Amino acid sequence: MRVLIVYCHPVPDSFCAAVCETALEAIRAKGCEARLLDLYAENFDPVMRCDERRLYNDRAPIDPVLQVHIDHIKWAEEIVFIYPTWWYGLPAMLKGWLDRVWATDVAFELPKGKGAIRPLMTNISKIAVVTTCGAPRLWSHLVGHPGRKTILRGIRALCARRCRTLFMAHYLMDSSTPESRGAFLDHVKRKLTAF
């Protein structure tokens with residue numbers, strides 16, 4: 001499979017960076033072609049400006065910087081999102097990437113008049129989320145896991161009809177130990193190898 005890893009963390013030596021490295025190794029070890037999109041390393045601009053928003057419903061983005069990202073998501077058959085959960089949701093950088101890249105006439109087609117949005121990302125048959133979270137698992141579920149829902153419900157709805165999903169989170173990250181982090185990396189490797 002062609003696997004796109006969308007990685008979003010500002011600190012190059014973070015635990016998320018170790019997760020990303022582990023994910024890349026697991027994906028390549030099973031013979032998949034992998035691409036890494038590191039949003040902070042490339043200084044992606046997550047801000048949608050006034051003119052871009054005014055034209056959002058009318059056509060696909062024309063910004064050449066966005067076209068590179070659009071080409072990546074159209075190339076992919078699987079996407080693995082790796083990011084820290086902040087305030088129960090996606091980092092602003094990742095949310096802005098979704099806002100600007102998963103756009104009209106790229107990820108979906110708006111109906112003329114009434115009707116349903118038509119998904120255009122049917123090339124993607126698998127989506128995985130690997131995240132870290134400072135809160136405990138129970139509290140994250142009580143809050144509603146907004147980041148998880150954005151990707152595994154909202155983004156998934158724009159993909160292949162039977163798109164499979166996988167979610168992995170290292171909870172209580174702020175009080176993690178070398179043992180808990182090591183166990184999570186092993187878990188990520190096993191799950192992505194089998195996915």
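Leu66, His69, Ile70 and Ile73 of helix α3 touch Trp97, Arg100 and Val101 of helix α4, where contact means that heavy atoms lie within 4.5 Å. This is a predicted model, in which local features need pLDDT of at least 70 and side-chain atom pairs count only at pLDDT 80 or more, while totals for chains, interfaces and linings use all residues. Residues are numbered from 1 along each chain as its sequence is written, and side-chain values use heavy atoms, with hydrogens and water left out. The helices (H or I, at least four residues) and strands (E, at least two) are DSSP runs, numbered from the N terminus.

The residues that form the contact of α3 with α4 comprise five nonpolar, one polar and one charged; in this grouping Ala, Val, Leu, Ile, Met, Phe, Trp, Tyr, Cys and Pro are nonpolar, Asp, Glu, Lys and Arg are charged, and the others, Gly among them, are polar. The axes of α3 and α4 are 10 Å apart and the two helices pack at an angle of about 90°, the axes being lines fitted to C-alpha atoms, for helices over the stretch in contact, and the angles running from 0 to 180 degrees between N-to-C directions. That angle makes α3 roughly perpendicular to α4, a description that covers 65 to 115 degrees, whereas angles under 35 count as roughly parallel, those over 145 as roughly antiparallel and the rest as oblique.

Helix α4 is largely enclosed by the rest of the structure, because seven of its 10 residues are buried; buried means under 20% relative accessible area, exposed means over 50%, and partly exposed lies in between (1.4 Å probe, protein chains only). The buried residues are Met93, Leu94, Gly96, Trp97, Leu98, Arg100 and Val101, and they pack against β1, β2 (33–38), α2, α3, β3 and α6 (146–155).

Arg100 also takes part in salt bridges, and together with Glu52 and Asp63 it belongs to a network of them. A salt bridge is a side-chain nitrogen of Lys or Arg within 4 Å of a carboxyl oxygen of Asp or Glu, and by this rule the count comes to six.

| Pair | N to O distance | Separation in the chain |
|---|---|---|
| Glu52 and Arg100 | 2.9 Å | 48 residues |
| Arg100 and Asp63 | 3.4 Å | 37 residues |
| Glu77 and Arg2 | 3.9 Å | 75 residues |

Turning to the cysteines, the structure holds zero disulfides, a disulfide being a pair of cysteine sulfur atoms within 2.5 Å. For Cys20 the closest cysteine sulfur is that of Cys16, 8.8 Å away, which is too far for a bond. Cys20 is buried, with a relative accessible area of 5%, while Cys50 is partly exposed, with a value of 46%.
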